[in-house]
Amino acid sequence: LTADPAQAGTALTFALELQCPLVLKNEKLLAAMATSYRVKFDSVVSLVMTYSAPCGQSAIGATRHVLRAIKQLQSLERRLARGGSIFELEDGLGDRPLEGLLDPLACPEKLPDLSNHHSDVAEALRGNPQLYDQLRSARTASGATLARCIKPGLDSEGHAHLPVAGIVAADESCFTVFAPLFDVIINKRLQHPPDAKHETDIAPEKIAVEPFDLDGKYVKEVTYRTGRNLRGLPLASALDVLQRREVERVLVKSLLTVVGDGGGDYYPLRDSSSYAPKPEGMTQEEEEKLAKSGALFLEPDSKVALAAGLGRHWPDARGVFVSATNTWHAWVNEEDHLRIMVKQPGNAFKAAFERLAELLQALEGHVKEADCEFMHNDHLGYLATDVSNLGTGLRVTATLALKHLAADDLEAICQSHELVFSRAGEETVVRNRRVIGKSEVVIVNSMVKGVAEIVKRERECAEAA
């Protein structure tokens with residue numbers, strides 16, 4: 001105990017003089033660091049940082065906190081020296097989500113005016129304002145609020161012709177605590193009612209083998225993408241620095257174990273200081289190589305994503321794991337804890353799915369060895385930050401070369417197999433429409449049959465021409 005209540009606890013105060021001349025000149029950056037790490041700076045002559053351990057924090061915890069602040073200052077000094085990006089000063093990429101209509105910690109007593117908003121969440125709240133009154137004060141066990149979930153859809157008015165969901169989950173419990181609202185949006189966007197069950201089936205032996213386009217004339221590439229999130233930790237919109245680093249630690253260790261020696265490597269985003277083997281992140285050359293191959297992800301720039309908190313503490317504890325064969329890669333701490341992409345040239349639906357299933361099964365086992373598991377339930381399947389990625393979270397993409405098939409014919413085939421398509425010149429990209437309510441096997445088999453029919457009609461049109 002001390003005479004000053006503010007000094008109660010360990011009564012520890014740290015004072016350090018640091019050689020960071022470039023940081024010293026940047027008052028805005030120092031202010032951001034002071035807020036993020038709860039430290040004070042004296043920058044009259046040299047940079048002096050002080051930190052008083054709060055009551056409840058151990059001496060070891062306080063020391064670790066100070067060391068993290070020092071490492072961050074060193075990283076900032078190096079970045080300034082080489083002219084790198086200082087994300088901490090950009091709105092939504094520092095310590096807090098993008099400033100907007102809602103504070104993520106609490107909802108205002110009265111529902112804001114949403115008359116000009118275009119999102120599923122705005123429509124749901126306008127149609128039933130009682131939902132807001134019912135849920136605005138509720139919190140999950142980890143402290144997630146309704147405000148944090150609906151902030152993306154309220155901070156951004158959106159577009160009338162392209163409405164987004166406007167809602168994200170902050171943790172697994174959001175889907176139950178705020179179920180009256182999530183259920184409405186999930187049913188509207190995904191046609192998955194509150195009493196529906198979701199079946200998970202990742203058995204590659206059940207994938208159909210269609211004997212079409214064996215020479216690869218029409219199907220140029222097949223890609224699978226899916227995501228997973230670790231149970232017991234918040235989702236990406238609510239992770240703090242230490243929690244995000246724990247996600248990175250568990251997943252990178254599991255990925256390295258899956259591939260074995262020489263089977264792949266992890267590349268933290270440039271300037272991320274969280275991964276000890278690469279304390280400054282990937283090199284510029286590695287960044288350019290990943291960007292060229294399409295494996296790199298960048299900081300979010302949309303108002304919806306920044307309001308959701310997906311850019312906070314950028315680029316810390318985020319990175320790309322790449323297989324030695326370059327046939328698959330994984331994103332760590334992008335929009336979900338983990339996203340895996342598997343791609344193979346030609347008509348390789350089954351072979352690519354076999355690889356994906358093998359990876360997921362192996363990761364599931366290694367994650368359990370770390371006393372973790374992936375979020376999943378019988379109603380929503382695998383859980384995700386964005387409701388559009390619930391269920392299987394599976395996106396199957398086939399890139400096709402089509403010269404003769406008319407758009408109306410292509411649209412009819414896609415609709416009959418629950419597919420969608422987009423065209424750019426002679427390249428056509430076909431994707432699955434449903435992600436929930438049907439298993440992975442059913443979705444892939446529907447895709448295989450749909451693409452087989454598209455190729456058949458393209459051949460017929462080519463012969464007729």
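The lining of the largest pocket in this predicted model comprises 17 nonpolar, six polar and 13 charged residues. In total, 36 residues line the largest pocket, and its volume is about 830 Å³. Glu335, Asp386, Ser388, Asn389 and Arg395 are the lining residues that lie nearest the centre of the largest pocket. Two or more lining residues of the largest pocket come from each of helix H8 (179-190), helix H11 (303-307) and strand S13 (427-432).

The second largest pocket has a volume of about 680 Å³. Its lining consists of 28 residues, which divide by class into 11 nonpolar, eight polar and nine charged. Nearest the centre of the second largest pocket lie Asp95, Asp240, Val241, Arg312 and His313. At least two residues of the lining of the second largest pocket are supplied by each of helix H2 (27-37), H3 and helix H9 (241-259).

Helix H3 also marks one end of the loop that holds His117. This loop runs between helix H3 (59-81) and helix H4 (120-127). His117 has a relative accessible area of 7%; because this value is under 20%, His117 is classed as buried. Leaving aside residues up to four places away in sequence, His117 touches Leu101, Ala122, Arg126, Gly153, Leu154, Ser156 and Glu157.

How values were computed: Residues numbered from 1 in each chain as written. Predicted model: local features only at pLDDT ≥ 70, side-chain atom pairs only at ≥ 80, totals over all residues. Heavy atoms only, no water. Helix = DSSP H or I, 4+ residues; strand = E, 2+ residues; numbered from the N terminus. Buried < 20%, exposed > 50% of the residue type's maximum accessible area, 1.4 Å probe, protein only. Contact = heavy atoms within 4.5 Å. 1 Å grid on protein atoms, 1.4 Å probe; cavity = no way out; pocket = protein on both sides within 12 Å on 5 of 7 lines; lining within 4 Å. Points joined across faces, edges and corners; volume = space filled by probe spheres on them. Nonpolar A, V, L, I, M, F, W, Y, C, P; charged D, E, K, R; others polar.
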